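Hi,

Here's the structure I promised to send over. Have a look, and then my notes on the sheet follow below.

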Amino acid sequence: MVAVKAHQAAAFMKSPPPRLTAALFFGSDPGLVSERSAVLAAMLADRETPRAEILRLDDAELDDDLGRLETELQMRPMFSSRRVVRAIAGRRISAQLLKPLLGSGPLEGLLIVEAGNLKSDDSLKALFETSEGCFAVACYPDSAADIDTLITDVLAPFSLAIEPDARALLQSRLGADRTLSRAEIEKLAIFCLGQSPITVDKVESIVGDAADLALERIAEAAAEGRTQAAVTDFGRAIASGESAQTIILITQRYFLKLHKVRSDVDAGQRLDDALKAMRPPLFFKQKDVFARQVRRWTRPQLDQALRRIAEAAKAARLSSVIEDILAERLILSLSLMATAASSASASR
């Protein structure tokens, strides 16, 4: 029953307490929340003999069986010593559901919960800070020292040096989201293999701003038709203090990129060539998703999407009081359009 402050989180992750039965990771950096959750789950699983089984659950999987979380935590697996359950906080997975579970004594399994940016008096946070064997771990954007260490750690396996000015520029573009920061450094390293040291020009042309990239995930999910992911990421961004108008503008920028590549393809350019010409370049892990979206969306559909985005941007500027509602409605609308585009593509 401990509140682990942001500056204590690294020490906690290095040596998780033996008495730990449940942990809550929360904060304004969703990438760091997810990364630490995954790392802790693996560490706890490796402690067991035989290795514990790791299971992921979210709200949707409890809709038909609200007692499933308790069942998974109290049941001993057939082929492993115990189970580590990673759950995402939401409508179902809440303090109300977890309170009787965490207060009923030792669990057979181990529980890890991921949440967004919680208020100081949030009931879920308070539950983990006061329950026996539970820990609430704060996850906020990396400090300059954290980013510098991350750059060194990620570049080391590639045997790449980086010039001081290039390192400073790279640091300035990272930090909003740990997962995205790591991905951007990896992308830089892959593009610079055999070209050590990394220069300012390389950083300038290859690495995007991590804060914008974090918000771009909302647009990517909407363009893919992954409604739940888009709405969840949107809610987390708003809760962490991001502007709805900023999210609309970044969504517009993402769909303009889709429109540009789709137009190039329609004009006769090979899709691979159009993707390679993008600046900054796509990270290789993003390429397949973006390419699939280009294939699914037609030019007229993207024209319509951009009109809707422009209308939402104008409405949000004129009615800033309801900009959050307007932005969320836009994300839902685009996601529905993506689903329709996917169905139409399948029938072509």
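First, the terms: two strands count as paired if DSSP finds at least two bridges between them, and helices (H or I, at least four residues) and strands (E, at least two) are DSSP runs, numbered from the N terminus. Bear in mind that this is a predicted model, where local features need pLDDT of at least 70, side-chain atom pairs count only at pLDDT 80 or more, and totals for chains, interfaces and linings use all residues. Residues are numbered from 1 along each chain as its sequence is written, and side-chain values use heavy atoms, with hydrogens and water left out.

Now the sheet. Strand 2 (residues 22–26) runs parallel to strand 6 (residues 134–138), and 5 bridges link the two. Phe25 has Val137 in strand 6 as its bridge partner.

Overall, the sheet is open and parallel, with 6 strands in the order 1-6-2-5-4-3. Strand 1 (2–4) and strand 3 (53–57) sit at the edges with a single partner strand each, so one side of each has no neighbour in the sheet.

Cheers
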